[in-house]
Amino acid sequence: MCDIAVVSVHTSPLARPGTRDSGGMNVYIRELSRQLGRRAHTLDIFTRRTDPDSPQVAVIDGRTRVIQIDAGPPEADKRSLQRYLPEFRCGVIRFQEEQGRSYDLVHSHYWLSGWVGQALKARWNVPHVIMFHTLGEAKNRSHLSEREPDDRIAGERLVAQGADRVICASEGERRILIDHYGVSPERAVQVPCGVDTDHFRPMSRAGVRRRLGLPVDEPVLLYVGRIEPLKGIDILIRAAAQTEGRFRLLLVGGDGQDAVRKEELRRLAEELGIAGNVVFQDAVSHNRLPLYYNAADVCVVPSYYESFGLVALEAMACGVPVVASRVGGLLETVQDGRTGYLVPWRCPEPFAERLELLRANEPRRRGRARGLESHALERSPQGPGHRRSPGRRGVPLRRQRRPLDVRGVAGGLRPRHLRR
Ligand code: UDP
């Protein structure tokens, strides 16, 4: 049993995933804490207070608390947080001393928290484990228009070289840490992210569509995630506009504060003549997300960069194929031609082509959806041998080794640009 201080400066596990800066990392910290709590470890998760009226301490699970620390103005932008890190560190130490707590380990998430983690390691003389979730160097390599500043890369290097262990979600990330951040191979450990396969599981498509008020007989393309340029939602809208026939494009994520970006996307859909096909849905809780995945014919992850891509894994756990950019962690989650397609270029045409291939393959695809599910099961927190709890489904899951085979269906419908 361990007492663990978890540091997550810029975003809280209490924040709603799918909105602003809250996404995979928040889900990861919340789920990891739940699993560690079950194994009798005790966790205090330190995060920056963004709502001055919220209580300092919130118990989220029997053994897990979220501790909010005042550091900088509540509304401060993520990009300005570096300057408030010393204040944050002092706040954590003050809390620990006032409570008479001691910790066996510091586990930090993202490089800003890593800086705090290193300071706490020195102060408490305990090991520090860091997970970066995303690396500036990896983002810069994906040729986004905005470059990550040098001080971020330098900060990451300092933390990466000083921490006792660096947890990487993918082998690709591990390689970057070793080759470009100078981390010794024995300290960089790959632990792929998991998915709760008792929760994300196949359901009747017609049933969930009825519950969501979606037409039963129309192809549904799904996007789930934060509404931000990095996610490439514009590519998806352009790709959808190139496909033939009826379809519904369901974009799940964001909230009122993402209104400007959503409006830009809405205008794009309008210009392309598909505004009537696109449905924007504010971020949905994990409780209800399985309904959305199960309603979809395909889940699309068109990101310019994706350090892991939990959404792809959740979709596969529901038996839904994924069409994703060939970037970052997606290379290791999606098996091209088996559990979906990986698209090498960040442009609409190849996405449109893959979407049409899947649509043409519909009857075969649904029949073999279990192949996807068993692939995802290998990533369940309960481990590869896990069988879904019978109580949740009625019948225990039989592991099926046979994968979805989406090859050999090229004779299907072709996207408009290829038909000309
Ligand atoms: N998510 C959610 N509700 C939404 C949109 C997203 O709960 O409306 C969750 C989603 O289920 C996933 C996470 O946010 O667990 C997104 O993680 P991913 O790794 O795909 O992307 P990131 O946000 O880390 O870039």
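Biologist: How many helices and strands are there in the protein?

Modeller: There are 17 helices and 14 strands in the protein, and the model they are taken from is a predicted one. Of the 420 residues, 46% are buried, and residues 24 or more positions apart account for 66% of the contacts with a separation of 6 or more.

Biologist: Why does R20 count as partly exposed?

Modeller: R20 has 17 C-beta neighbours inside 10 Å, whereas a residue is called buried at 20 or more and exposed at 12 or fewer, so R20 falls in between and counts as partly exposed. R20 is found in the loop between β1 (3–7) and α1 (24–38), and has a positive phi of about 35° although it is not a glycine.

Biologist: What makes H133 buried?

Modeller: For H133 there are 22 C-beta neighbours inside 10 Å, and the cut-off for a buried residue is 20 or more, so H133 counts as buried. H133 lies in the loop between β6 (128–131) and α4 (136–141), and although H133 is not a glycine, its phi is positive, at about 65°.

Biologist: Which way do the residues of strand β12 point?

Modeller: From β12 (residues 298–301), V298 and V300 point one way, while C299 and V301 point the other way, and all are buried. In a regular strand the side chains alternate between the two faces of the sheet.

Biologist: Why is the ligand said to lie between domain 1 and domain 2?

Modeller: Domain 1 (3–190) and domain 2 (205–419) both give residues to the shell around the ligand, so the ligand lies between them. Of the 20 residues around the ligand, G18, G23, G24, A283 and V311 come nearest, and the elements that give two or more residues to this shell are α1 and α11. By class, the shell has eleven nonpolar, seven polar and two charged residues.

Definitions and conventions: Residues numbered from 1 in each chain as written. Predicted model: local features only at pLDDT ≥ 70, side-chain atom pairs only at ≥ 80, totals over all residues. Helix = DSSP H or I, 4+ residues; strand = E, 2+ residues; numbered from the N terminus. Contact = placed C-beta atoms within 7 Å. Near = placed C-beta within 6 Å. Nonpolar A, V, L, I, M, F, W, Y, C, P; charged D, E, K, R; others polar. Domains from an automatic or database assignment.
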